[in-house]
2 protein chains.
Amino acid sequence: MDDPGDGLGAAPAVIDALRLRVDERLAQLLPSADKPPHRLHRAMRHALLAPGKRMRPLLTLLTARQCGLGDWRALDAACAIEMVHAASLVLDDMPCMDDAAMRRGQPTTHKAFGEDIAMLAAVGLLNQAYATLAGCSELDARTRAALCALVAATVGPNGLIGGQEFDLRDRGSVDDPETIARFNHAKTGVLMEAAVEAGALAARADIRTRLALRGFARHLGDAFQMMDDMIDALSTPEAARKDVRKDEGRTTIVTLFGVKGSRDAVLGHVEKGCAELARARCGADPLAGFARASFAHLVQL
Amino acid sequence: MDDPGDGLGAAPAVIDALRLRVDERLAQLLPSADKPPHRLHRAMRHALLAPGKRMRPLLTLLTARQCGLGDWRALDAACAIEMVHAASLVLDDMPCMDDAAMRRGQPTTHKAFGEDIAMLAAVGLLNQAYATLAGCSELDARTRAALCALVAATVGPNGLIGGQEFDLRDRGSVDDPETIARFNHAKTGVLMEAAVEAGALAARADIRTRLALRGFARHLGDAFQMMDDMIDALSTPEAARKDVRKDEGRTTIVTLFGVKGSRDAVLGHVEKGCAELARARCGADPLAGFARASFAHLVQL
């Protein structure tokens, strides 16, 4: 695995191995559940270590490898991105937000630990992402600072928290596809883009490669948010491993385009993203393979 | 003001001028209230720009100046520390935490904007602290990464959020002074220490100076938390500009030592802190002057 040019591509076994390494490292990067403050540590571990697809850290790792960075040097950056994601899920699920009961097949963090501890755990996970990036010994100071700036832009008012404000307060009253797409991008797409950008930054990829990767990530993020809306509308809590029908009464891609139209739109974005990758100078076939594989279960919806 | 060795000390007019500059810069560093997402921006500005003593950013600025850093180069680092403080206040005041109605003479952020927006604003302020540090053009990349790491350690489970867990869940059942002091330190002292350390880091002070400054900050933080407990027990909402009697029924310095004993303990810590300063190599009289002045109104309690 040390050679980023090992040609292993994104075969399922390789992805599984990468995911396992991410899971191991995530567990190392959080404080032990045996040490005080116990509740906080347990809540952070509950939220972060529950089985997940790890799509974002895998994107960071695959991007870094494709851009020539070996030896797992982007692993901590990848884990930081997953921490940001987990923090955003804890917050989104809170009673004053989406009020969700299940996430990743287990009780949401506030159901398991109480609202106060869940709120502290969300802040703790976001904070741990910055701790991980700022303290990463594998990367030089310039790259560490750049990664912190990237995450800050991703989380901020033009990113996750801005998208969440729209989702909570405005989405029910908006029905034009363009506005919905813009805020879906802030809610989900920016973190997908950041995941890819983090890999490229860690590998110090040139600007042309980074722009192409950004185009890929943008389409991937759009596809992912659309698939998420489809899962909410069409799946079961058992299959989705989280609450569904949270969007009922709202305009989503499914109400706009129907099931087949939505599926076509998702796959259209995936293919457009893969076309962008062809412009990158890093021979990014494994990334394209991973992207396509990530949406393979779409046909079951 | 450009010359850190200008000998102005910490005369009240100088402190007022520094505070004004901090307030101006804080307003610049947040997104405009006129731009979307409006509610989020307004809530962040509500929480951060309400009139405050700005003790922490003043400590950062005074420390940096004493350590030889001129030209306001620590201003953004100082503002980042105040953002962390404001974020912690918004969270502490939430209904699932201390459930406070007034802060800094105005409604708490969740009272003014709702719980959901307040929670996003708190995350937004913490995040903006990192954005400010990671993107600060006045400091080199190594210092920016070091400041991000400092803030991360300050906020994390061994700092603010750990202290808050104790305060919410354990403090009511604990009555030994040592445990209370340890968690009071995590809840308040760590950010005082970080404020001073940020100034020293920005100025790249030597390790001996930093250790002495840390000793000063530790005593100052202890004094400040004790004074805060005294204000809660003895002041009025009008004078304190926030809810009081939140600690009723708990063991605090006031129940342990009485009013005079508490006042002596606070002033004892201030003087011990100033004695630590004498060990610093930076001729830190203005810092000592500022520290003493900050506790001058203690006699009114």
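The largest cavity holds about 100 Å³ of space. It is one of five cavities of 30 Å³ or more in the structure. This is a predicted model: local features need pLDDT of at least 70, side-chain atom pairs count only at pLDDT 80 or more, and totals for chains, interfaces and linings use all residues. Residues are numbered from 1 along each chain as its sequence is written, chains are lettered from A, and side-chain values use heavy atoms, without hydrogens and water.

**Largest cavity**
- A cavity is a set of points on a 1 Å grid over the protein atoms alone where a 1.4 Å probe fits but cannot get out; lining residues have an atom within 4 Å of a point.
- The lining has 13 residues, and A:Ala47, A:Val90, A:Asp93, A:Arg103 and A:Thr109 lie nearest the centre.
- Helix 4 of chain A gives the most, with four residues.
- Helix 2 (38–49) and strand 2 (106–107) of chain A are among the elements that each supply at least two.

**A:Asp222**
- A:Asp222 sits in helix 10 (residues 207–234) of chain A.
- A:Asp222 is buried but has no salt bridge.
- Buried means under 20% relative accessible area (1.4 Å probe, protein chains only); a salt bridge needs a side-chain nitrogen of Lys or Arg within 4 Å of a carboxyl oxygen of Asp or Glu.
- The nearest side chain of opposite charge, A:Arg218, is 4.8 Å away.
- Leaving out residues up to four places away in sequence, A:Asp222 touches A:His185 and A:His269, with contact meaning heavy atoms within 4.5 Å.

**Two chains**
- A rotation of 180 degrees with 0.0 Å of shift along its axis superposes chain A on chain B (RMSD 0.0 Å).
- That is the relation of a two-fold axis.

Methods: Buried means under 20% relative accessible area, exposed over 50%, partly exposed in between (1.4 Å probe, protein chains only). Lys and Arg count as positive and Asp and Glu as negative; His and the chain ends are not counted. Copies are superposed by least squares on the C-alpha atoms of residues with pLDDT of at least 70 in both. On a 1 Å grid over the protein atoms alone, a cavity is a set of points where a 1.4 Å probe fits but cannot get out, and a pocket is an open set with protein on both sides within 12 Å along at least five of seven lines; lining residues have an atom within 4 Å of a point. Grid points are joined across faces, edges and corners, and a volume is the space filled by probe spheres set on the points.
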